[in-house]
Amino acid sequence: MNKLSDCIINKNSSYIPIWFMRQAGRYLPEFREIRKQNQDFIKLCLDTKLVKEITLQPIKRFDLDAAIIFSDILMIPYGLGQSVEFIKGEGPVLGNLNIDKVIKTKKNEFIASMQPVYNAIQAVKEEATGKDIIGFVGAPWTILVYMLNKKSPKKDFDIKNIMNEQHSGDKLLKKIEETICSHIENQIKSGATVIQIFDSWAGLLPDSYLKKYCYDPTYRIVNKFKSSKIPIICFPKGIGKNYLDFCSAVKPSCVNIDYDIDPMWIKKNLKNVSVQGGLDPKILLKDYEVIEKEVKKYLEIFSGSPYVFNLGHGVLPETKPETITYVTELVRRNK
Ligand code: CP3
């Protein structure tokens, strides 16, 4: 069994596996080089050969413990017929939502459109021997937010805009959940050994809505794959002390924590779950002294319990690749 799976499934705490969210991305010159020649981001995510190459870039450079497949959570809206574009400086922009078209998209049509992603997982698997291969999806709530809001929600985002769509929202949420399950199933069939579920906008939900939009749908997904023995890492970002309720309701094998939650509180309160991440990605823009102190803080707090080193969100584009080398060495040297 590879190191990341071993830590999560067997709760092995003798080795701290390390990988980074957004480890393949704009902070790497070799990624920027490919990106410059491939302006259409979705098309890039569907180019098996390039997806394989980009996925392996951080593995070759840093020898991390896991390769996360280069793709995007917005491949789900795209595969359901809603257009997705990435505009420089603006982030993702989705086209108008035609709910009938989405609902009518057949499972095999969706899978056929994602075939290059599955082929890329197989191709990565052939080369990345001894490494876990992470497949991923967005959680139903986060995908619903993008499909209805058509861009990343900003601070002035009003949850009522989405709740007004209650009727269509419920139908849509079910379709999204089914599609997420097909996407996970096919990533596992193609060789993914770990799945991560990103609920990047869980923190927008008022407490009274968490059960319906976050816990329940995520539980159903996690539970569906329990028998496969594939570890599932959940990342309900920004829910504060509700991490505790989340873990009792969803029972994930591993939970990624964000940088707003106190890791000491997590260590004291979360039981029977492996923990991943936490360090604020902004710390990686600071001096090595500060970085060392912060990295060691997480290592000390979680020593003796199953912990996967990672960040509390993705690597920022301003990060120097040498900093990733530095952090990886710190974690590996830790005994
Ligand atoms: O982690 C990895 O290395 C795997 C690849 C990966 C990407 N997106 C590639 C990407 C993963 C796991 C994602 C997940 C994702 N995508 C999330 C969940 C995690 C999170 O960040 O909260 C979300 C919300 C998205 C949607 C998305 N995709 C946004 C908001 C953006 C624009 C913001 C940004 O950082 O540019 C993207 C684009 C995107 N996805 C890039 C990459 C490398 C940048 C594309 C570019 O080169 O312009």
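Predicted model: local features only at pLDDT ≥ 70, side-chain atom pairs only at ≥ 80, totals over all residues.
**Entry: the ligand shell**

**Entry: polar atoms at the ligand**

Next I looked up distances for individual ligand atoms. A polar backbone atom of Arg 22 is 2.6 Å from an oxygen atom of the ligand. For Ala 24, I noted a polar backbone atom 3.2 Å from a ligand oxygen. With Asp 72 the side chain takes part: one of its N or O atoms is 2.7 Å from a nitrogen atom of the ligand. How much of the ligand's accessible area does the protein cover? On its own the ligand has 860 Å² of accessible area, and the protein covers 88% of that.

**Entry: cysteines**

I searched the whole structure for disulfides and found zero. Cys 181 is in no disulfide, and its nearest cysteine sulfur, on Cys 234, is 12 Å away. Is Cys 181 buried or exposed? I put Cys 181 down as buried, because its relative accessibility is 7% and the cut-off for buried is under 20%.

Cys 214 is also in no disulfide. Here too the nearest cysteine sulfur belongs to Cys 234, at 8.4 Å. I noted a relative accessible area of 0% for Cys 214, so this residue counts as buried.

**Entry: Asn 242**

Where does Asn 242 sit? I found Asn 242 in the loop between strand 6 (232-236) and helix 13 (243-250). Although in a loop, Asn 242 is buried, because its relative accessible area is 15% and buried means under 20%. I also looked up its contacts, leaving aside neighbours within four places in sequence, and listed Asp 207, Leu 210 and Tyr 215.

**Entry: Met 264**

My last stop was Met 264, which I found in helix 14 (residues 263-269). Its relative accessibility is 39%, so I recorded Met 264 as partly exposed. I also checked Met 264 against Phe 235: the two are 29 residues apart along the chain, and their C-alpha atoms are separated by 18 Å.

Conventions:
Residues numbered from 1 in each chain as written. Heavy atoms only, no water. Disulfide = S-S within 2.5 Å. Buried < 20%, exposed > 50% of the residue type's maximum accessible area, 1.4 Å probe, protein only. Helix = DSSP H or I, 4+ residues; strand = E, 2+ residues; numbered from the N terminus. Contact = heavy atoms within 4.5 Å. Polar contact = N/O pair within 3.5 Å; in protein donor to acceptor, adjacent residues only side chain to side chain. Areas by Shrake-Rupley, 256 points an atom, 1.4 Å probe, with all protein chains shown as cover.
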